[in-house]
Amino acid sequence: MWEEIILIETDQKKNAGIPHDTGSLSDTMKLSDTMKLSDTMKLNDTMNPFNSLTPVDDAKKILDGFTFDRKTYVDIKDSFGRVLAGDIVSEIKVPPYDRAEKDGYAIMDQNPDQRTFELIGETLAGDERDVIIKSGECCWVATGAKVPVGTNLVIPVENTEECGDEVGIRIKVCESEVELNISRKGCDIERGATVLEEGCLLNERNIGILASLGIRNVRVYDTPNVAIISTGDELTQINDVNSLTLSAIVKQSGCSPFFIGTVSDDSGDIKKKLDEALEYDIILTSGGVSVGKKDLMPEVVSGMGEILFHGVRMRPGMPMLAGKIDEKPILCMPGNVTSCLVCANVFLLPMLRYMTHLPFIREIRSARLSEEVTSEYGMRRYLPVKLAGDVAYPTFNGSGLITSIAYADGFVVIGEDETLTEGKVDVWVF
């Protein structure tokens, strides 16, 4: 499953190179045959697709069939936030030698109370010598230093005092020590131990494990490159909003967005732009997916590949289309800005997180709805709301208005045949 949901009360604060492995894309990106709608979705259906809409949950299952298993290597310094593509098995012992845990004097004797020991030398961190001590002798050792052969105990320096005689410097133990103050070889990590498992998300803590093993290049799951295209003749007259908002969603998912330009409402031009986009792993478009004369995306996608669904039982965002071309997923979002962003949050973000092998946790807060709202029969509604204290105020003024969602803090999801009153609701927080 894509999503894990956590519930948080409204008054809480928001949570705050080496080349790719060889292998064809068909080996790394697959779509489960059980999720295909191609047997029932024909070209004639794309010309009038909204007689039979796909339920939201079914659309999610279809997109959940896409996987992306390409692997690559990254330098350890660039590995934060990446997902391991194989187990990490230690080839060494950590620590690689018996080392001192404190500054002090290494001795062989196990009962040093009120005794003096002849000082024979010192070892510092990084000193690789094999110093040998005997009974009645001691050696100064620094924290992290290799202790002499035969050491049974390190007396902290604060528990000793220095005294001299005709022979040389002697160290007197003034206070007994119950701790050995020695980290034995391999006590932290044994050779052959599996220290991190495939699928592990690398963070500042387990990166330290990699560093302790001397690993400098880490094999991780690669992240998809996403081509973004905006369609529509009107983009010569208005600012392109969708490409930037979709790029932000792609970045949020852990993937890399590549805006490859706008394209006019012309089948030939759209096909050329999609051919260009096939250099990338995933194709993301906005506009041209409804039923108007200039809504050409269904026809072009059907001619180049396969439509998996067109039209979803949801408001806003009903015209969304998903398909595949050369086994690469293509998601075609509605052109209206709020519809586009709703679809991106409902479908695109969890899909990309899944494909990058990253967890997806949807934060949900409890709030009180400020007014009664309903959903069109048979349609799931995603209502943008603004949170003020423990109250959720609807902000939706139309799917073509950016302010319908720009000032919202999240969505309230209303079921296909549901009326919500002014009681408690769950809010999907952005």
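Rings of Phe, Tyr and Trp (for Trp, the six-membered ring) count as a pair if their centres lie within 6.5 Å, with planes under 30 degrees apart called stacked, over 60 edge-to-face and the rest tilted. Y382, F411, W428 and F430 form one aromatic cluster. The model is predicted, so local features need pLDDT of at least 70 and side-chain atom pairs count only at pLDDT 80 or more, while totals for chains, interfaces and linings use all residues. Residues are numbered from 1 along each chain as its sequence is written, and side-chain values use heavy atoms, with hydrogens and water left out.

**Aromatic rings**

- The ring rule gives a count of six aromatic pairs.
- Y105 and W140 make an edge-to-face pair, 5.5 Å centre to centre with 70° between the planes.
- This pair links distant parts of the chain, 35 residues apart: Y105 is in strand β5 (residues 104-107) and W140 in strand β7 (residues 137-141). Helices (H or I, at least four residues) and strands (E, at least two) are DSSP runs numbered from the N terminus.
- Both Y105 and W140 are buried, where buried means under 20% relative accessible area, exposed over 50% and partly exposed in between (1.4 Å probe, protein chains only).
- The ring centres of F258 and Y280 are 5.3 Å apart and their planes lie at 40°, so this pair is tilted.
- F258 belongs to strand β15 (residues 256-263) and Y280 to the loop between α6 (267-277) and β16 (282-286), so the pair ties together parts 22 residues apart in sequence.
- F258 is partly exposed, at a relative accessible area of 33%.
- The charged end of R362 sits over the ring of W428, 3.8 Å from its centre; the criterion is NZ of Lys or CZ of Arg within 6 Å of the ring centre and within 35 degrees of the ring normal.

**Cysteines**

- Zero disulfides are found in a search of the whole structure, a disulfide being a pair of cysteine sulfur atoms within 2.5 Å.
- For C174, the closest cysteine sulfur is that of C163 at 8.4 Å, which is too far for a bond.
- C174 is partly exposed, with 35% relative accessibility.
- C340 is in no disulfide either, and its nearest cysteine sulfur, in C343, is 7.3 Å away.
- C340 is buried, its relative accessible area being 0%.

**Strand pairing around β10**

- Strands β6 (residues 116-123) and β10 (residues 169-173) run antiparallel and are joined by three bridges; pairing requires that DSSP finds at least two bridges between two strands.
- F117 stands opposite I171 in β10.
- Five bridges pair strand β9 (residues 160-164) with β10, also in the antiparallel sense.
- C163 has R170 in β10 as its bridge partner.
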